[in-house]
Amino acid sequence: MAHVDVATLARVLEQTSVDPRMERKRPTPAYGSRTGFVPTVEEDFGDGGAFPECHVAQFPRGMGRGSKDSTIAEACFRTGMSVEELMQQASAKMLHTKDKTPEYESFVSFMRRNQSDPVPGVPGIRTNNIRKVRNVDAHAVEKAFLEGTGQPTVIEDACRDWKAIGSWRFETLKQRFPATKVAANDRAPARHRDKTGVPPRPQRTAQVTLKAYMNYAMSRSGLDLETEAATYGVPFYLNGWKAFIDYPELLEECPYPYFSSQCDQTLDLMKELDRVLFGKVPQQAAKSAQWYANASLSMSKVFAGPRGTITRLHYDSGGAHGWLAQVHGKKLFVLYSPDDSKYLYEIPGEEETTQSFIDPLNPDYETYPLYRYAQPIAVVVEEGQAILIPKGWWHYAVSLEPSITVMRNFYNARTNTKGLVEFMLRSVFKDMPKGSNPLKMGEH
């Protein structure tokens with residue numbers, strides 16, 4: 001991922017004018033009276049060096065300026081901002097920096113041809129047999145939709161008891177959580193391969209406040225997609241905000257949907273697996289209750305963005321099932337069965353996720369000839385609806401309107417426990433000394 005780096009900060013510095021207060025002469029406070037004092041001009045230092053009691057960047061007699069590591073300190077020195085404030089300003093500027101990606105350009109071209117009804121225009125669509133249901137029996141979901149290969153399904157009344165429907169908008173979230181720090185990306189999910197492509201085009205990430213991001217999102221209406229793309233380039237996407245970790249009370253506004261009440265056994269499975277796997281490990285047992293509660297919460301996320309924000313073709317890691325509910329706006333989903341994996345050209349070397357080279361809206365049949373045998377299905381998920389995606393199903397999504405989505409990955413005892421066991425073991429081994437085995441600790 002390309003976060004705000006020294007080069008970006010340097011550009012911010014070049015655009016920063018010197019505050020007049022830095023130019024004027026004023027007496028340097030005496031020793032013991034320098035609390036809050038920021039030395040900014042040569043006269044402040046007199047014939048001495050830096051003031052150790054002043055915890056800010058200092059360049060007495062120009063020493064330290066011009067080195068490759070001085071850009072951030074120089075910027076702080078000239079602007080009077082902290083490093084965090086400076087990086088937020090640089091990120092905010094990045095949001096409005098025009099750039100492009102091939103997947104966004106293909107979306108704009110696709111919508112030019114399929115504005116009124118995008119589903120039939122998806123290349124390779126043969127039949128559109130995705131199920132749409134209402135009033136689902138929660139006890140039947142596991143057998144009907146998750147067993148075996150599974151069957152993606154749209155639950156049209158999924159959000160029937162959600163207070164968030166009609167109240168969550170860019171403006172309202174901005175007002176409620178203005179200072180919350182979030183990350184917005186112009187390519188998602190991130191790919192190592194993007195760094196070595198021809199030409200290389202890694203993901204750009206802007207670390208900003210929710211207020212700054214929502215202001216940006218509201219500035220892109222998407223009404224004239226062609227003009228917006230030509231003027232502003234690819235939009236940044238708030239993909240993966242763990243809002244329910246930050247604000248657990250939000251679950252009261254969008255509780256786990258009714259259809260998942262029996263099949264989502266994630267937290268109970270975590271507790272039981274904790275007892276079975278780590279019951280003999282005192283340190284692990286001591287931290288498990290809160291850790292696993294937070295781990296379960298972290299599987300629920302919020303996605304938000306303007307029209308044209310894209311999730312590239314992938315399937316969810318850890319063998320997880322998932323649902324995605326549209327709180328605001330609508331999205332186009334393109335899905336493929338696990339049986340189609342041999343036609344989808346998995347990208348090697350992507351350890352965090354399993355992703356495909358294929359762009360479903362603009363497939364390159366010459367480079368990827370086997371894709372002709374894949375059988376995509378597509379559907380538009382409307383506000384208040386949710387799509388249930390079983391483990392291993394590949395999916396691509398793009399917002400057709402300014403959009404807010406709540407998603408959750410989950411586990412079920414009979415259909416995907418293996419993935420949860422592997423997730424828990426990885427999380428524990430990661431924090432343990434090299435060579436240790438948590439399953440043997442505590443044995444006598």
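1. The 29 residues that line the second largest pocket divide into twelve nonpolar, five polar and twelve charged. (Ala, Val, Leu, Ile, Met, Phe, Trp, Tyr, Cys and Pro count as nonpolar, Asp, Glu, Lys and Arg as charged, the others, including Gly, as polar.) Nearest the centre of this pocket lie P102, E103, R187, R191 and F357. (A pocket is an open set of points on a 1 Å grid over the protein atoms alone where a 1.4 Å probe fits, with protein on both sides within 12 Å along at least five of seven lines; lining residues have an atom within 4 Å of a point.)

2. The model is predicted: local features need pLDDT of at least 70, side-chain atom pairs count only at pLDDT 80 or more, and totals for chains, interfaces and linings use all residues. Numbering starts from 1 along each chain as its sequence is written, and side-chain values use heavy atoms, without hydrogens and water.

3. The protein has twelve helices and 14 strands (DSSP runs numbered from the N terminus: H or I of at least four residues, E of at least two). Of its 444 residues, 50% are buried (under 20% relative accessible area, with a 1.4 Å probe and protein chains only). Among contacts with a separation of 6 or more, 79% join residues 24 or more positions apart (contact: heavy atoms within 4.5 Å).

4. Two elements give two or more residues to the lining of the second largest pocket: α4 (102–113) and β7 (310–315). Helix α4 gives the most, with four residues. The helix also packs on a sheet, where α4 touches β7, β9 (331–336) and β13.

5. That sheet is open and has five strands in the order β10-β7-β13-β9-β11, with antiparallel pairing (strands pair if DSSP finds at least two bridges between them). At its edges are β10 (354–355) and β11 (377–381), each pairing on one side only. Within the sheet, three bridges join β7 to strand β13 (residues 394–399) in the antiparallel sense.

6. Is A378 buried or exposed? A378 counts as buried because its relative accessibility is 0%. Beyond its neighbours within four places in sequence, A378 contacts V119, V122, I125, N128, I130, L332, F333 and V334. For F333, the C-alpha to C-alpha distance to A378 is 5.5 Å, although 45 residues separate the two in sequence.

7. Another open sheet has seven strands in the order β1-β2-β12-β8-β14-β6-β5, and its pairing is mixed. The strands that pair on one side only are β1 (131–133) and β5 (238–241), at the edges. Helix α7 (residues 210–218) packs on this sheet and touches β5 and β6 (300–305).

8. Strand β12 (residues 386–389) pairs with β2 (residues 153–155) over three bridges, in the antiparallel sense. V154 stands opposite I387 of β12, and I155 has A386 as its bridge partner. Strand β8 (residues 321–328) is antiparallel to β12 and joined to it by four bridges. A386 is also the bridge partner of A325.

9. Which residues cover the faces of β12? On one side these are A386 and L388, on the other I387 and I389, and all are buried. In a regular strand, side chains alternate between the two faces of the sheet.

Methods:
Axes are lines fitted to C-alpha atoms, for helices over the stretch in contact, and angles run from 0 to 180 degrees between N-to-C directions.
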